[in-house]
Amino acid sequence: MSIINNINKAFDHRIRLGIMSVLMVNDYADFKMLKEMLGATDGNLASHTKALEKSEYIKVEKQFIGRKPNTRYSATKLGKAEFKKHINALEKLIGK
Amino acid sequence: MESNKYLDDISEIKNMMSRSSRFISLSGFSGVLAGVYALIGAVFAYLRLQEFSLTDKVEYERRINSAPMETGLVLDLLIIAILVIIAAIVTGAILSIRKAKKSGEKIWNQASRRLLVNFCIPLFVGGIFSLVLIQYNISWLVASTTLVFYGLACINASKYTLGDVRYMGIAFVLIGLISTQFIGYGLYFWALGFGVFHIIYGSMMYFKYDRD
């Protein structure tokens, strides 16, 4: 029962899964890197990052590199903990 | 049905984690070729050393009071080493770029940049340190020094590419340290490391990752 509870609906999408995976092993990733990694369109990626930001699983920082605006993302403590739970739940479900 | 989807999820997570943090298009075959170049270089170095020690015996008396003849020899060995390194780097770059294109991985991304930086830091430190050894005429330790620092560079870089590079690095550090106890056999250890180890680990990685 509790295993099913640990499956987090917020991660239940390929793009969101990808965003979290990249941010688990990299301190930061900018929009361009996530786009290249996941093969997503701008709009698609933006809506998924927004959803993860709303649940406070990722942090968004906007800054300027020279004159170009640059958005970079990082996983929050909460996000990392929740994603780990999610992975553990997945692994247990497969094991059965 | 459901568990299939979970399995896909897990493999997607693993794939993303390694693709975003590691440059996995490193060519194993280029390692084999680097080993071959090193062996060829070692043969030239060996011939040059033989030549030196022959004339050395004949002309020892005449030479002993003249300017150090070793400079010419050291310079020749240095040139051989630099040619080997350039050939190995160019081959490695070309084959890795080709492999990356095939698999659709970006060649110049965060992972490959980090790989390069972390590989180069110990490598350049080792290179400069070796030149200092030559400067002070401690050239018998140069072979050991290059082996140890190259091994450290591999260990450091392994976090950003195929994990197997780590074990090759450890092997290099070990024979580098062992070679310090066999002064005068530096070239043999050098050939064993840069030649034989590269060929062994390169072909292991080739069969594991390159072929398909």
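Here is a walk through the model, starting with chain A as a whole and then turning to its rings and those of chain B.

A word on the ground rules: this is a predicted model, where local features need pLDDT of at least 70, side-chain atom pairs count only at pLDDT 80 or more, and totals for chains, interfaces and linings use all residues. Residues are numbered from 1 along each chain as its sequence is written, chains are lettered from A and ligands numbered from 1 in the order written, and side-chain values use heavy atoms, with hydrogens and water left out.

Chain A has 5 helices and 3 strands, where helices (H or I, at least four residues) and strands (E, at least two) are DSSP runs numbered from the N terminus. Read from that end, the elements go α-α-β-α-α-β-β-α. The C-alpha trace spans about 50 × 25 × 20 Å along its principal axes. Of the 96 residues in chain A, 44% are buried; buried means under 20% relative accessible area, exposed over 50%, and partly exposed in between, with a 1.4 Å probe and protein chains only. Looking at contacts (heavy atoms within 4.5 Å) with a separation of 6 or more, 57% in chain A join residues 24 or more positions apart.

Now for the rings. Across all chains, the whole structure holds 15 aromatic pairs. Rings of Phe, Tyr and Trp (its six-membered ring) pair if their centres lie within 6.5 Å; planes under 30 degrees apart are stacked, over 60 edge-to-face, and the rest tilted. One of the pairs is A:F31 with A:Y73, tilted at 40° between the planes and 6.4 Å centre to centre. This pair ties together distant parts of the chain, with A:F31 in helix α3 (residues 31–38) and A:Y73 in strand β3 (residues 68–75), 42 residues apart. Both A:F31 and A:Y73 are buried.

Over in chain B, the rings of B:F119 and B:Y150 have planes at 85° and centres 6.0 Å apart, so this pair is edge-to-face. Here too the link is between distant parts of the chain: B:F119 sits in helix α4 (residues 110–135) and B:Y150 in helix α5 (residues 142–157), 31 residues apart. B:F119 is partly exposed because its relative accessible area is 22%, while B:Y150, at 14%, is buried. Both rings belong to one aromatic cluster that also takes in B:F172, B:W190, B:F194 and B:F197.

Last stop in chain B: B:A81, in helix α3 (residues 70–103). At 23% relative accessibility, B:A81 is partly exposed.
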